Every structure is written in structure tokens, then in C-alpha cells.
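This note sets out, for a student reader, some numbered points on a structure. Please read each point with the structure in view.

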Amino acid sequence: MYLRIGLSCVAIVLTGSVALAQHFGNPKNGETIYRQHCVGCHGISGDGLGPDIKELIVPPANFHAAKSRTKTDMELYLAVKQGVLFSPMHGWADRLSSQEMWDVLSYIRMLAPFNPLG
Ligand code: HEC
């Protein structure tokens, strides 16, 4: 009985880590993509103060703000993939593969880790 409960816990933990591994990108590759496509708006440190923002009506996200840090990886991934409505942030699905989008996201999470408390 106890053994069976123990085994199902192991199974749940293993399944969980497989799910995480699928979403886990390569931050090194992500850094290259970030510097190529994102730094102009989001800035070198991810604070949203890139060199190209003067003309923008909606300012780019500051990834260090609680608003971004409290969002899940999936929420941010969808923003990268589909873009943010009524903002200059267009979707990247036509330019980056899903692996590249996870890579760039893992780099962003390295700059500003997920923090559910903000
Ligand atoms: C033209 C400027 C511009 C470029 C280039 C750009 N972004 Fe954005 N980004 C924005 C704006 C504006 C927003 C919306 C901010 C808001 O909703 O307040 C945004 C939002 C986001 C968000 C959602 C943040 C949140 O907290 O909801 C993510 C993630 C993001 N960008 C990632 C990227 C990545 C990755 C790239 C490069 C592949 C990129 N952006 C390129 C301007 C840009």
C-alpha cells in the first residue's frame, strides 16, 4: 500500500520534470536571439529601456517589474508567440521556431526570474 503511494509520487515527479524539460530553453542561444531581435526595445538588462523606444506609444515591458515576474512561463511564451494586442510587440511565430522562443524566454527568465510574489 505505502509502496504503491510512493511509486505514484515518483511517477508524478517524473512526469512533472518531463513537462518542465519540454519548456526549458537554452539561455545561451536565447541571448543571441535576444540581442538580435529584442534588445532594441526591451534593453540590454530587460528593463524596457532599449535604444529604439522613443517613437513607441506603448512602452516595452520591463521584465524586472512585478507585472512580468508574476506571469508564468506560458503566459510570457504566448506574448512572444502571438504578440501583445494594441502594442508594437508583434508575434514572433513567423520568424522564430518554438524552440527559439523558449530559448529567448529562458534567457529573459535568467535576467529576471519568475517570482510569484512580485
Ligand atoms: C518594437 C519594440 C519591441 C520589440 C522589438 C520586442 N518587444 Fe516585446 N514588448 C514590446 C511591448 C510594447 C510590449 C507590451 C508591454 C505591455 O503590455 O505593457 C512587449 C511585451 C513583451 C512581453 C510580455 C511581457 C509581459 O509582462 O506581459 C514579452 C515576454 C516580450 N515582449 C518579449 C519579447 C521578445 C522575446 C522579443 C524579441 C524576440 C521582443 N519582445 C521584441 C515591445 C517590443
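1. A residue is counted as near a molecule if one of its heavy atoms lies within 4 Å of it. By that rule, 24 residues surround the ligand, and the closest are Cys38, Cys41, His42, Ser68 and Met89.

2. The structure is a predicted model, in which local features need pLDDT of at least 70 and side-chain atom pairs count only at pLDDT 80 or more, while totals for chains, interfaces and linings use all residues. Residues are numbered from 1 along each chain as its sequence is written, and side-chain values use heavy atoms, with hydrogens and water left out.

3. The protein chain has 5 helices and 0 strands; helices (H or I, at least four residues) and strands (E, at least two) are DSSP runs, numbered from the N terminus. Along the sequence the pattern is α-α-α-α-α.

4. Histidine 42 has a side-chain N or O atom 2.8 Å from a nitrogen atom of the ligand. An oxygen atom of the ligand is 2.5 Å from a side-chain N or O atom of serine 68, and a polar side-chain atom of lysine 71 is 2.7 Å from an oxygen atom of the ligand.

5. Helices H2 (27-42), H3 (66-69), H4 (73-82) and H5 (98-111) are the elements that each give two or more residues to the shell around the ligand. The largest share, 4 residues, comes from H2. By class, the shell has 18 nonpolar, 4 polar and 2 charged residues; Ala, Val, Leu, Ile, Met, Phe, Trp, Tyr, Cys and Pro count as nonpolar, Asp, Glu, Lys and Arg as charged, and the others, Gly among them, as polar.

6. Buried residues (under 20% relative accessible area, with a 1.4 Å probe and protein chains only) make up 29% of the 118 residues in the protein chain. A nonpolar core is a set of buried Ala, Val, Leu, Ile, Met, Phe, Trp, Tyr and Cys residues joined through side-chain atoms within 4.5 Å. In the largest such core, of 17 residues, Tyr34, Met101 and Leu105 touch the most other members. H2, H4 and H5 are the elements that give two or more residues to this core, and H5 gives the most, with 6 residues.

7. Is tryptophan 92 buried or exposed? Tryptophan 92 is found in the loop between H4 and H5 and is buried, because its relative accessible area is 12%. Tryptophan 92 and histidine 37 are 55 residues apart in sequence and 9.7 Å apart in space, C-alpha to C-alpha.

How values were computed. A polar contact is a pair of N or O atoms within 3.5 Å; within protein, one must be able to donate a hydrogen and the other to accept it, and residues adjacent in sequence count only if both atoms are side-chain atoms. Buried means under 20% relative accessible area, exposed over 50%, partly exposed in between (1.4 Å probe, protein chains only).
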